[in-house]
Amino acid sequence: MMPDLRAKSADRTISLGFALLITFGLGWAGIIWPNLGTANLALLLLIPVVLAASGGGRVLGLGLAILAGAVFNFVALEPRLTFAIAKSGDLVTLGVYVLVAVVAASVSARLAAAGDRAREDATDSALFSAMTHQLLSASTRELIIEVAVRAVTNCTSFGCAIAETNHDLAPPGSQDEAAARWAIVHRDVTGRGLPLFSDASAIYVAARTGRRALLARIDGAGLPDARLGLVRKIIDEAADALDRIELAARMEADQRKADAQTMRRAIFASIGHDLRTPMTALRAGLEGLSGHDPTQTELLRADALRLERTLHNLLELARLEVNDRLPIVCSIDLTDTIDAAIDALPVTTKDRVHIWIGDETPLIQSDPIMLHHIVVNLLENAAKYSPASSNIEVRAESADGGARLVILDEGPGIDDDVADLFGLFRRGTHGDRAPGLGVGLSVVDAFARALGHIVTVRNRPTGTGAEFVVEFYGEPPKS
Amino acid sequence: MSAAILIVDDEAHILRLLRAVVERGGHHVVTATNGREALHLARTSSPPVALLDLGLPDRDGIELVKQFTDLGISVIVVSARDDISEKIAALDLGAADYVVKPFDTDELLARLRATLRSRTPQRRRVDVLQLGDVRLDLGARRIQRNQSEVHLAPKEYALLDLLARHAGRVLTHAQLLREVWGPAHEKDIEYLRVAVRAIRQKIEPVPSRPTFIRNEPGIGYRLMVPEAPAEGL
């Protein structure tokens, strides 16, 4: 805390009073007892000098030194009780005496000042550590600002206000507003009595640290540099504390989000597990069927596969919906994609697919798993909506700096309700005789959107049937 | 037949089913329904191959992959978890293969045979692979197609050689890139795509419909070697 000026001046008066009292007392004693001794008197007269200097500072000390010299001359040097000096040797004695008194005064004054400073520093650092402690336990922005305001007020004995913008502290259009804005922009201190904006009504101190601005207005002037330095440390600390709670809040939000994500993932994994386990038994059971018409069991197996795919599609759609399915994009050769997609089809469909891949087909950027599902669903769709033994053609070729995947069937083609074709659970009007829920095309649409691929459908230019096209842009610029 | 195949799955009817499938393939079988039992059997009956479900009641099956591999047991993960990162994790930890439920029983048996084959000690293993009309001589580092030499670039050869030495097993993108191009290029999948395409151009009968180097979407590649009909085990 700033040592109270009034208390200090009272200290000074008391020191001076005592010093004068002792000096004149000693002078009186010297007059009454002439055999007190010159040397004794000289030493005793140094006491008030030291007293005045340590209690009242250097100037008082020097004054007392001269007064002590005069008293010494008046009482102890011949002719006594006059200020005259008879012997030239005594002149030297007096000179040396005054010099000693002056040195004593200045040493004591300096020691006293150092003591004051140390006391002040100790108070300051106690104040500062108490404040940082309070800041640590402050959990809201309001509390932090309150703690900082209290600390600045204690430290300066002036009123103080702290805010995050200059609008809250300085009236618009005033010199103060300009000072406040300057302080925020330069993360510095300015205002009343300071270079720049010395006409402002207050001192403005902006925090040097912190992600956001923090500004204090001190309603006073004439703060010593050391005080101002402490104020700046307080504001910086408050700005750091604000950052800290913001970071903590963000981490907590992230944690909550991650927890929710983990929970969702676990739920999807367990749904997937619960669906796949019975499918395993079902499929194995179908494979074990013997003594039946092989074409019949093959049909059953194809149904089981389709059921698997539908469940899988629904699960994938749900995951995409809640952002649990984020694309992981890498370089892909469409040859690989087509190969793996055909491999996932029922045997009866595999044989119908014909592949043509242009030699110049470039690599594309996509998520391999999502693209796999896109192509499998498009192939299944083609198989579903075309006669059982008709051909399905898959083409991959380069196009406009990217690549294009085309799937052609020999079915009835599409009607005009193309916009609806990709909608969840919608099917073309020919859908009545085809099995499935139409979930496949919804997955195609959703995944393509997530990946930035463009899927279009139209009737084949030649012959009947539908033509689905997936367009991939060229390689995105490397970041 | 040699030592029994270890099957680990906590669901009784799936365990029964797996046992039936593996026994149909001509193998003896020991079974476990949790991780503790599985580890005990792994130590006492030293199976060559374990079919391992990842969702075990007492621990995460992925921990067992490493422990089994350290014991010299080849692991085929048979899991209902269809999560790409989990597949890659299992394969990178040393699993020989990963089969997702529901599986094709013939496919599972084929994977089991391929895994058993790859356990043959190196010196007894044939250094020559016949892929259709392509003859791959790993010892002499020569590839012939219909008696004429096929020339591969050094990286292409290194890749084919690596796949051939693990024929039938899927190797992850990261494993392939690390071995052939070095650890610094572990994520440069493009290199791999380009090299695979080049190899296919040179050895596949129809490069657009590959039969030898097969893609596992998002995971890696596997070299498929046509099985000799006599090897019906």
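**Figure 1. The area buried between domain 1 of chain B and domain 2 of chain B is about 1300 Å², with 46% of it given by carbon and sulfur atoms.** The model is predicted: local features need pLDDT of at least 70, side-chain atom pairs count only at pLDDT 80 or more, totals for chains, interfaces and linings use all residues, and side-chain values use heavy atoms, with hydrogens and water left out. Residues are numbered from 1 along each chain as its sequence is written; chains are lettered from A, and ligands numbered from 1, in the order in which they are written. Buried area is the accessible area (1.4 Å probe) that two parts lose on being put together, summed over both. Chain B is divided into domain 1 (5-118) and domain 2 (123-231), with bounds taken from an automatic or database domain assignment. The C-alpha centres of domain 1 of chain B and domain 2 of chain B are 26 Å apart. In the contact (heavy atoms within 4.5 Å), 15 residues come from domain 1 of chain B and 14 residues from domain 2 of chain B. L91(B), R117(B) and S118(B) supply 36% of the area that domain 1 of chain B buries against domain 2 of chain B, more than any other three residues.

**Figure 2. Five parallel strands of chain B make an open sheet in the order β2-β1-β3-β4-β5.** Strands β2 (29-32) and β5 (97-100) of chain B are at the edges with a single partner strand each, so one side of each has no neighbour in the sheet. On average, neighbouring strands of this sheet are turned by 20° against each other, direction ignored. Helices (H or I, at least four residues) and strands (E, at least two) are DSSP runs numbered from the N terminus, and two strands pair if DSSP finds at least two bridges between them. Four bridges join β1 (residues 5-8) of chain B to β2(B) in the parallel sense, and L6(B) stands opposite V30(B) in β2(B). Helix α4 (residues 84-92) of chain B lies across β4 (74-79) and β5 of chain B, at about 150° to β5(B). Axes are lines fitted to C-alpha atoms, for helices over the stretch in contact; angles run from 0 to 180 degrees between N-to-C directions.

**Figure 3. A UniProt feature spans residues 4-116 of chain B.** The unreviewed entry names this feature "domain: Response regulatory". UniProt positions are given in the numbering used here, with shortened feature names, and annotations may be inferred rather than shown by experiment. Residues 4-116 of chain B are 48% helix and 19% strand, and their end C-alpha atoms are 12 Å apart. Within chain B, the peptide bond from K101(B) to P102(B) is cis, with omega near -5°. P102(B) is in the loop between β5 and α5 (105-118) of chain B.

**Figure 4. UniProt lists residues 45-77 and 89-109 of chain A as "transmembrane region" (unreviewed entry).** Residues 45-77 of chain A are 94% helix and 0% strand, with end C-alpha atoms 14 Å apart. Residues 89-109 of chain A are 100% helix and 0% strand, with end C-alpha atoms 30 Å apart. A cis peptide bond with omega of about -10° joins E78(A) and P79(A). P79(A) is in the loop between α3 (58-76) and α4 (88-137) of chain A.

**Figure 5. An open sheet of chain A has five strands with mixed pairing, in the order β6-β8-β9-β11-β10.** Strands β6 (353-357) and β10 (454-459) of chain A are at the edges, each with a single partner strand, so one side of each has no neighbour in the sheet. From one strand to the next, the twist averages 15°. Helix α9 (residues 334-343) of chain A packs on the sheet and touches β6, β8, β9 and β11 (466-472) of chain A; its direction makes about 175° with that of β6(A). Strands β8 (residues 392-399) and β9 (residues 402-408) of chain A run antiparallel and are joined by seven bridges. The bridge partner of V394(A) in β9(A) is I407(A).

**Figure 6. Some stretches of both chains have a pLDDT below 50, including residues 424-429 of chain A and residues 229-233 of chain B.** pLDDT is the predictor's confidence in each residue, from 0 to 100. Chain A averages a pLDDT of 84, with 92% of its residues scoring at least 70. Beyond near neighbours in sequence, residues 424-429 of chain A have 20 contacts in the model. Residues 431-437 of chain A are also below 50 and have 14 such contacts. Chain B averages a pLDDT of 88, with 93% of its residues scoring at least 70. Residues 229-233 of chain B have five contacts beyond four places in sequence. Where pLDDT is low, the predicted coordinates should not be read in detail.
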